Amino acid sequence: MEIHSATWWASRLIGQNEFMMESTSDIQVKQQVRQFYDQVGWQEVGAGVYQNARFEDLRPVSREYIHKCHLRVARHLSPEGEYFLDAGSGPIQYPEYLEYSNGYQARVCADISIVALQEARQRIGDRSSGGQGLFVVADVANLPFADQVFDGVVSLHTIHHLPSNEHQQAYMGLYRVLAESKSAVVVNGWESSSISDIFVAPIKWGRRTRKRFARRLGKAFREPTNQGNHSVSTFVSKHNASWLKEEVGNLLDLNILVWRSVGVRFLKAYIHPRLGGRWLLRGIYWLEERFPHFMGEHGLYPLIILTKN
């Protein structure tokens with residue numbers, strides 16, 4: 001399938017939507033995010049592995065835990081339908097992501113990065129399940145789709161790349177395009193996590209100590225950099241559970257569960273194959289399953305369910 005602009009789709013499959021005026025600074029933020037993912041984040045460094053993978057732990061010891069966390073999303077989506085929206089799809093980075101739309105006639109991938117959509121098109125290809133792929137260059141905060149057109153919606157690690165003042169608008173947009181009696185799933189990180197902070201504090205202290213020690217020895221301490229002149233990271237703005245409940249939860253029906261309570265810093269610092277790392281992660285997963293609301297609000301990555309009744 002061809003990759004089209006948001007304007008093309010707005011005049012076709014789905015209808016018209018009024019776009020809100022954006023400030024110059026908001027436009028610059030989105031341009032920077034697009035440039036990062038086009039030039040750095042979604043550049044392949046191996047077979048199906050992207051530069052952006054440095055934000056994830058791909059070691060075998062963590063694989064089972066991360067796989068099971070990815071599968072949590074599908075629990076809250078309708079198993080079948082006509083159109084499935086992947087808002088901020090990226091290249092559909094992980095195999096589990098492809099499974100979410102298996103029972104749908106078409107998966108609509110919307111992203112501001114043309115490189116991401118080109119990669120997503122290759123991932124979907126001529127799959128026997130999951131329907132055809134439709135690809136739209138679009139801003140997640142200004143979705144160009146008609147109301148209630150999607151039977152399933154996901155937005156994974158995307159909203160935090162929007163300017164802070166557009167986060168509420170993005171959640172409301174996802175809810176607007178969701179069909180009646182259906183659910184959308186948003187995975188986004190909190191700005192802080194009480195669970196993660198307990199374990200990350202010693203890591204930060206250790207890094208500061210090593211820096212001071214290196215300076216005393218007269219050695220140059222070098223931060224890791226990316227090749228070329230590209231930025232090694234991009235714009236991120238996050239909120240907490242209180243903000244989400246007040247600014248979004250008062251406007252629509254949402255539920256906060258856990259997607260993953262610990263991040264890459266924790267995994268790489270504390271999870272090791274020779275020190276029972278796989279069993280420790282199984283224990284963490286058990287706690288997440290036993291206390292999904294608590295771990296969702298106090299862990300690092302919540303799974304936010306928007307339901308339209």
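**Close-ups of aromatic and nonpolar side chains**

View A. Trp286, Leu287, Phe291 and Phe294 together make a nonpolar surface patch of about 430 Å². Keep in mind that this is a predicted model. Leu287, one of the patch residues, belongs to helix 10, which covers residues 277-290. With a relative accessibility of 34%, Leu287 counts as partly exposed, because that class sits between the 20% and 50% cut-offs.

**View B. Phe266 and Tyr270, a tilted ring pair.** Searching the whole structure turns up 7 aromatic pairs. In the pair shown here, the ring centres of Phe266 and Tyr270 are 5.1 Å apart and the planes meet at 35°, so this one goes down as tilted. Both residues sit in helix 9 (residues 264-270), 4 residues apart, which puts about one helical turn between Phe266 and Tyr270.

**View C. A cluster of rings.** Here we look at Tyr83, Phe145 and Phe150, which ring pairs link into a cluster.

**View D. Arg282 over Trp279.** The charged end of Arg282 sits over the Trp279 ring, and the distance to the ring centre is 4.5 Å.

**View E. Lys308 over Tyr175.** In this view it's a lysine that meets a ring: Lys308 lies over the face of Tyr175, 4.8 Å from the ring centre.

Key
Residues are numbered from 1 along each chain as its sequence is written. This is a predicted model: local features need pLDDT of at least 70, side-chain atom pairs count only at pLDDT 80 or more; totals for chains, interfaces and linings use all residues. Side-chain values use heavy atoms; hydrogens and water are left out. Rings of Phe, Tyr and Trp (its six-membered ring) pair if their centres lie within 6.5 Å; planes under 30 degrees apart count as stacked, over 60 as edge-to-face and the rest as tilted. Helices (H or I, at least four residues) and strands (E, at least two) are DSSP runs, numbered from the N terminus. A charge sits over a ring if NZ of Lys or CZ of Arg is within 6 Å of the ring centre and within 35 degrees of the ring normal. Patches are made of residues with over 30% relative accessible area and no salt bridge: like charges are joined within 9 Å, nonpolar side chains (Val, Leu, Ile, Met, Phe, Trp, Tyr) within 5 Å. Accessible areas come from the Shrake-Rupley method with a 1.4 Å probe; for residues, only the protein chains shown count as cover. A salt bridge is a side-chain nitrogen of Lys or Arg within 4 Å of a carboxyl oxygen of Asp or Glu. Buried means under 20% relative accessible area, exposed over 50%, partly exposed in between (1.4 Å probe, protein chains only).
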